[in-house]
Structures are given as C-alpha cells and as structure tokens.
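Hello,

I am passing along the structure we talked about, so that you can look at it alongside these notes. Please have it open while you read.

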Amino acid sequence: MQLGRVIGRVWATVKDQGLEGQRLLFVEPVTPDLRSAGKPIICADCTGAGAGEIVYWCRGRESSFAFLPAEVPTDATIVAILDELHAGGESHRC
Amino acid sequence: MILARVVGTVVATRKDPRLEGKKLLVVKPVSPEGKEESGYLVAVDTVGAGAKELVILVSGSSARMAEGCKDKPVDTAIVGIVDNVHVSPPK
C-alpha cells in the first residue's frame, strides 16, 4: 500500500455498471514527509475521503476486494484516511 | 485507474477467439491537467467511447472485471467516459 494525498475528483456519467455509485478521486502519491512522489492516479474510495486528506491506497486486483461482494473494476482504491503519521523522527497530524 | 484520450482504433481479423466482437481503441494517457503523456495503449472499450473522448482506463487483472471481459485476455479496459475533472492547485 502507498501513501497519497487527495487532490481532485473525476465525474463520469457513462461508466461500467460496477463503478455505478463509486466516487473516483485523484490521488497524488506522497513520501512519508508528505512531499509529492509521482504521477497522480484515479482511485475508487471506500472511506469517504475528501480533498487534501492524506490516505493510503492499494493497487492491483486486490484493490477491488475492498468492495466485496460487489465486483468493482478498479485497480486502485483508497482504503484508509490517516489520523497521524510518524516516520523518520517526525510526526504529522493529518 | 488513469485518464486517457482516444486517438484511434485497431482492426484485427486474426486474434484470440475470446476477443471476437470486442472494440479495441488506441488511447494516449493524459495528466489530470489534460496534457498528453508519452506512450500509447490498446484498450478494450466496454462503454462505447468515441474518437477524442477523455476516458478512464483500468489496467492489469482488474481490467478483466469490466463488463464482458471475464476470462478474456485483456489487461487494459475503458470503463468510463469523463464528464468533468477537478484538481485542486498544489499547496
């Protein structure tokens, strides 16, 4: 799983049935000191995360398991919203 | 999932029989700001996307969960046509 920051949202009316009702958010991967660490990716969300929040997300087929028994065709899903982060002697309240 | 723009179609007569009847499109990944990125992909279209449309792509084994792709040799599928994108400016 990877750390990320929610930076935006995507709307699509025409979509796969499995994505019906799912929020699709843009997540920018971040390092433990919350600096940008790569290209943003579109994630499904099972937590209700909002803009600017620090989350962790998983990728690959496993990311669709967050929605079982529904079959959601996603390859990236936000699975948690961070409260605090402690790394490298630094602490962040998110 | 990533954003991409439809830039062409692929026609193939000889192919895996499980791909018969599938619409294959050439897409180019784009950034959240709409800027085209390097490379091209061939994707199975499950939503009826057309030329120049901005779409959502799902890759890897998750692509087989798209409508009509179960047990098919597919690793990139178009699963949505984008209406709108909103990205917050960096802090």
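This is a predicted model: local features need pLDDT of at least 70, side-chain atom pairs count only at pLDDT 80 or more; totals for chains, interfaces and linings use all residues.

Chain A on its own

Chain A has eight strands and zero helices, and in sequence order the pattern reads β-β-β-β-β-β-β-β. Its radius of gyration is 13 Å, close to the 12 Å that the globule rule gives for 94 residues, so chain A is as compact as a globular protein of that length. Along the principal axes, the C-alpha trace of chain A spans about 45 × 25 × 20 Å. As for burial, 38% of the 94 residues in chain A count as buried. Among the contacts in chain A with a separation of 6 or more, 54% are between residues 24 or more positions apart.

Where the two chains meet

The contact draws 27 residues from chain A and 26 residues from chain B. On the chain B side, strands S1 (2-10), S4 (54-59), S5 (76-81) and S6 (84-87) each supply at least two of the residues that touch chain A. By class, that side of chain B has 15 nonpolar, nine polar and two charged residues.

Strand pairing also links the chains: strand S1 of chain A (residues 2-11) runs antiparallel to S6(B), and four bridges join them.

Conventions
Residues are numbered from 1 along each chain as its sequence is written. Chains are lettered from A and ligands numbered from 1 in the order in which they are written. Two residues are in contact if their C-beta atoms, placed from the backbone, lie within 7 Å. Ala, Val, Leu, Ile, Met, Phe, Trp, Tyr, Cys and Pro count as nonpolar, Asp, Glu, Lys and Arg as charged, and the others, Gly among them, as polar. Two strands pair if DSSP finds at least two bridges between them. The radius of gyration is taken over C-alpha atoms; the globule rule is 2.2 Å times the number of residues to the power 0.38. A residue is buried if 20 or more other C-beta atoms lie within 10 Å of its own, exposed if 12 or fewer, and partly exposed in between; C-beta atoms are placed from the backbone.
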